[in-house]
Amino acid sequence: MNRKIPNFLIVGAAKSGTSSLHNYLNQHPDVFMPSYNTTGDKVKEPRFLIKDLVEHKLHYGVWSWEEYQSLFDSVEEEKAIGESTVLYLYYHNHAIKNIKKYLGDNVKIIIMLRNPIDRAYSAFNHVSRGFKEQYTFEEALEIEEDRLDLDPHLTPMVMYKDMGMYSKMVKAFKNSFKNVHIILYEDFRDNTKKEMIKTFDFLGLNIDENIDFVTRHNVGGKRWKNKNMKYIFMKSNWFKSLLKIFIPKKIRDSLRKKMINVSTKDVLEMNVNTREKLKSYFKEDVLKLSKIINRDVTHWTK
């Protein structure tokens, strides 16, 4: 059986709009991107091409070549076949080696980049919604360097600063593949349709007017009001078990959404001093990035 495999990848960066990009692309009739595997589990981010680095750190992923190929068994006549795993950008050396090994040299690469300071804080708030972040943002930044070594099961997402050091990552992809498309988060946010048209063009696709460019996906900006509510929604417990027994899934999902809305609040603005320190931290790398992508993004650190 001659199986289809991806001819494009969204490789990151995390918390830069990649979920929305994935969903907008997936609405196009000539695009195929997997959302579920053969057993019905969500696999928007297969992570297969970095499995050796993250299999023991992350609960969800596709860890065999056979299963990875099976994600694309439903491909029919779609021209663009892709997947999105945001950690491919961070683990660029490993990912690039395996992309070439499994998918070949002609894969098209899409990279989304966001102001690394805002990206870091967004990632912190995302991780804090679960149970893997017990520190304040400032404390987490101070201890970041050794965290993954000290706790091998910790999510790589806690590398808030390191994940924003884009220049070496982007340079590696640009040096390794001839088709690399860069999207800046602020451009995508402010004129989504324009950026999507550019992306369709990059993938060799016609514009489709029926795509919903308005709905945003995986939106952050919320935090739990207290630890008890966080426990109820994030951990398996008797309350959730009872709901599953007595309430249909559709009603359950609607109820969950309403309860989360009343149980969360907007995140606080980043501390001004912290922002200034991060501007200094990222300044040199942002300057390097500007030259690599031929786009001035030094306003990120001014």
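Is Lys51 buried, exposed or partly exposed? In this predicted model, Lys51 counts as partly exposed, because its relative accessibility is 21% and buried would require a value under 20%.

**Figure 1. Close-up of the salt bridge between Lys51 and Asp52.** The closest N and O atoms of Lys51 and Asp52 are 3.3 Å apart. This pair belongs to a model in which the count of salt bridges comes to eleven. Side chains of opposite charge can pair when their charged atoms come close.

**Figure 2. Close-up of the salt bridge between Lys100 and Asp105.** A distance of 3.0 Å separates the closest N and O atoms of Asp105 and Lys100. Lys100 is partly exposed, its relative accessible area being 31%. Asp105 also counts as partly exposed, with a relative accessibility of 46%.

**Figure 3. Close-up of the salt bridge between Asp118 and Arg275.** The closest N and O atoms of Asp118 and Arg275 lie 3.0 Å apart. Asp118 belongs to helix 6 (residues 116-128) and Arg275 to helix 14 (residues 272-293), so this pair ties together parts that are 157 residues apart in sequence. Asp118 is partly exposed at 27% relative accessibility, and Arg275 is partly exposed at 25%.

**Figure 4. Close-up of the network formed by Arg3, Glu66 and Asp73.** Salt bridges with shared partners join these three residues into one network.

**Figure 5. Close-up of the aromatic pair Tyr166 and Trp300.** The structure holds 17 aromatic pairs. In the pair shown, the ring centres of Tyr166 and Trp300 are 6.4 Å apart and the planes meet at 70 degrees, so the arrangement is edge-to-face; the cut-off for this class is an angle over 60 degrees. Tyr166 lies in helix 8 (residues 166-176) and Trp300 in the segment after helix 14, so the contact ties together parts that are 134 residues apart in sequence. Tyr166 is buried, with a relative accessibility of 1%, and Trp300 is buried at 3%.

**Figure 6. Close-up of an aromatic cluster.** Ring pairs link Phe32, Phe48, Trp65, Tyr68, Phe72 and Tyr102. A pair of aromatic rings is described by the distance of the centres and the angle of the planes.

**Figure 7. Close-up of charged side chains placed over aromatic rings.** The charged end of Lys108 sits over the ring of Phe202, at 5.5 Å from the ring centre. Arg114 lies over the face of Tyr185, 4.4 Å from the centre of that ring.

**Figure 8. Close-up of the cis peptide bond between Gly12 and Ala13.** The omega angle of this bond is about 5 degrees. Ala13 is located in the loop between strand 1 (8-12) and helix 1 (18-26).

**Figure 9. Close-up of Arg47, a residue other than glycine with positive phi.** The phi angle of Arg47 is near 65 degrees. Arg47 occupies the loop between strand 2 (31-32) and helix 2 (51-54). At 16% relative accessibility, Arg47 counts as buried.

Figure 10. Asn294 is exposed, its relative accessible area being 72%.

Note on methods. Residues are numbered from 1 along each chain as its sequence is written. This is a predicted model: local features need pLDDT of at least 70, side-chain atom pairs count only at pLDDT 80 or more; totals for chains, interfaces and linings use all residues. Side-chain values use heavy atoms; hydrogens and water are left out. A salt bridge is a side-chain nitrogen of Lys or Arg within 4 Å of a carboxyl oxygen of Asp or Glu. Buried means under 20% relative accessible area, exposed over 50%, partly exposed in between (1.4 Å probe, protein chains only). Helices (H or I, at least four residues) and strands (E, at least two) are DSSP runs, numbered from the N terminus. Rings of Phe, Tyr and Trp (its six-membered ring) pair if their centres lie within 6.5 Å; planes under 30 degrees apart count as stacked, over 60 as edge-to-face and the rest as tilted. A charge sits over a ring if NZ of Lys or CZ of Arg is within 6 Å of the ring centre and within 35 degrees of the ring normal.
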